Amino acid sequence: MKILMAASEAVPFAKTGGLADAVSALSLALAKQGHEIKIILPRYYSINRDMLCQLEGELGVRTGGGEEWCAVYAADLPGSSKKNPVMVYFIDHEVFFGRDGIYGIPSEPDFLDNPRRFTFFCRAVFQFCRKISWYPDVLHAHDWPAALAPVFLKYGERVSGFEKTVSILTIHNLGYQGIYSKDNFYYTNLGWDVFYAAGFDDWNMMNLLKAGLNTADKLNTVSPHYAWETQTPLHGFRLDGVLRYRSADYAGILNGIDTGIWNPKTDPYIPQNYSIKDMTGKIKAKEALQREFNLPSDPDVPVIGMVTRLTEQKGVGEVFGPAYGSAWSICREMNLQLVILGSGEPWCEHEIENLASRLSNFKAHIGYSERESHLIEAGSDFFLMPSRYEPCGLNQMYSLAYGTLPIVRNTGGLADTVQNFDQDTGAGTGFVFDDLTPAAIYNTVGWAVWAYYNRRTQIEAMRITGMKQNFSWEKSAKKYIEMYETSLAVM
Ligand code: ADP
């Protein structure tokens, strides 16, 4: 199959979140299974042109503002094979993308002209294919920035080469939809009949993701449980009705993890590698973690780790909220050590530093560190993720791979990947709770700590069960292929 990924991010070129990892990893996994994959991205200012190779000639893209011109650059996706490389193409438009930031900068978090920037990008996708005379069987768009691509395909572009192309739209986080003033609609070059037919309308605004969800041939999100949750008012971000309406074409496919990077057998960031056969390296990692965070070196005390963006989505209010968060009583009343690495909302960073100054068994590093995130995954006994919602979540899968037991809320991808501890049989891979309340977090951490001291054999067995789970992209890629094939079959 020929598959074109249209996205605003892909590692290592541009990344603000998990979307970037997923686009590249999925592309590599699909190419490994013999498919022809191309990725198309905007050429942001931060992507050095010297590393890319320019395609001959320019690309004329028709928009509501007239015809605009751009250049196209190309590069191989690192990690792809010589035999079947994944090619990445970059749409280079100085006015739209020649600036700092992907979606915005700190003083302007959402660029005012984002609807025009990404409208242009989605139109350019079609002109690009025509330029290189390469027509995909599957046009796979990711999140709101690429959501117009399926809309354009359905309304006008399914001609001259694209007659047999199907479109897929993947939701990586329904919380971001691309909602803008409909004054920007003229730029799409679509008629107002399409504005209503495609369902752009959102309380007199223009909702790009909503139009994409209404028009793409198939939809999916990044875990089965999140696919179900997004069809309910609680997690649907006002689009639950659209998703229920499209439920026959809507699936959940779990993301994989990059086992080349997140693997205790080969991880260069930990003092000694380890595996199911010999877990000595995990003990060494715990020692190193305690040293790194200035905690007393004690192999017998349970260490709970957290690595997270400090935002409401991650449930940090219920852990660190001033006067009501559970962290204070957890650290005061339980014999454990709690370690956190994260950055984000200023109130939360401040509160964490405040707690760390008053609690001897609570240590925090505010900031971003790849190395420390690996050390925390390897050196902790438990990993806490009390997310409000979690489309897939990567950290709980990393934890399982490292023999660290996740303590998670029963939501999204966390619900799909962590099985609750069964005290009678010893089955399970972690500790799961339903309510997002400080009391539920306190009680579940308490239960895990109790099990650590009183059910040690079961805890050690759970670690091994976790390490045996298969979260490879290969498995996910097969499910994507099935979705592409069913979509093509009805074309
Ligand atoms: P999300 O994409 O919603 O932030 P995920 O669990 O899907 O959540 O992925 C988060 C990724 O970002 C993980 O790889 C995690 O280790 C990493 N991460 C988050 N915060 C930090 C940090 N402060 N330092 C290092 N890595 C971090």
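Author: Gladly! The chain has 18 helices and 19 strands, where helices (H or I, at least four residues) and strands (E, at least two) are DSSP runs numbered from the N terminus. This is a predicted model, in which local features need pLDDT of at least 70 and side-chain atom pairs count only at pLDDT 80 or more, while totals for chains, interfaces and linings use all residues. Residues are numbered from 1 along each chain as its sequence is written, and side-chain values use heavy atoms, with hydrogens and water left out.

Reader: What makes the radius of gyration agree with a compact globule?

Author: The rule is 2.2 Å times the number of residues to the power 0.38, and the radius is taken over C-alpha atoms. For 491 residues a compact globule would come out near 23 Å, and the chain has 24 Å, so the two agree. Along the principal axes, the C-alpha atoms fill a box of roughly 70 × 50 × 40 Å.

Reader: How much of the chain is called buried, and why is glutamine 290 called buried?

Author: Buried residues make up 58% of the 491 residues. The word means under 20% relative accessible area, with exposed over 50% and partly exposed in between (1.4 Å probe, protein chains only). Glutamine 290 has a relative accessible area of 1%, so it is buried. This residue lies in helix α9 (residues 280-292). Beyond its neighbours within four places in sequence, glutamine 290 is in contact (heavy atoms within 4.5 Å) with residues including Leu295, Asp298, Val303 and Gln337.

Reader: Why does arginine 246 count as buried?

Author: Its relative accessibility is 9%, so arginine 246 counts as buried. Arginine 246 sits in the loop between α8 (240-245) and β13 (250-252). Among the residues that arginine 246 touches, not counting those up to four places away in sequence, are Leu213, Asp217 and Leu219. Leucine 213 is 33 residues apart from arginine 246 along the chain, with 8.0 Å between their C-alpha atoms.

Reader: And why is serine 160 called partly exposed?

Author: The relative accessible area of serine 160 is 42%, so the label is partly exposed. Serine 160 is in the loop between α4 (148-157) and β8 (166-171). Its phi is near 30°, a positive value in a residue other than glycine.

Reader: Why is helix α13 said to be largely enclosed?

Author: In α13 (residues 370-379), 8 of the 10 residues are buried, so the helix is largely enclosed by the rest of the structure. His374, Leu375 and Ile376 are among them. The elements that the buried residues of α13 pack against include α9, β14 (303-310) and β15 (337-344).

Reader: How do you know that β4 and β5 pair?

Author: Two strands pair if DSSP finds at least two bridges between them. β4 and β5 (residues 66-76) have 5 bridges and run antiparallel, so by that criterion they are paired. A hairpin through 2 residues joins β4 to β5, and threonine 63 has glycine 66 as its bridge partner. In β4 (residues 59-63), 4 of the 5 residues are buried, so this strand too is largely enclosed.

Reader: What makes β6 covered on both faces?

Author: In a regular strand the side chains alternate between the two faces of the sheet. Met87, Tyr89 and Ile91 on one side of β6 and Val88, Phe90 and Asp92 on the other are all buried. β6 (residues 87-92) thus has 6 of its 6 residues buried. β6 pairs with β5 in the antiparallel sense over 6 bridges, and with β2 (residues 36-42) in the parallel sense over 5 bridges.

Reader: Why are β9 and β10 called edges?

Author: The open sheet of 3 strands has the order β9-β11-β10, with antiparallel pairing. β9 (179-181) and β10 (201-202) each have a single partner strand, so one side of each is left without a neighbour in the sheet.
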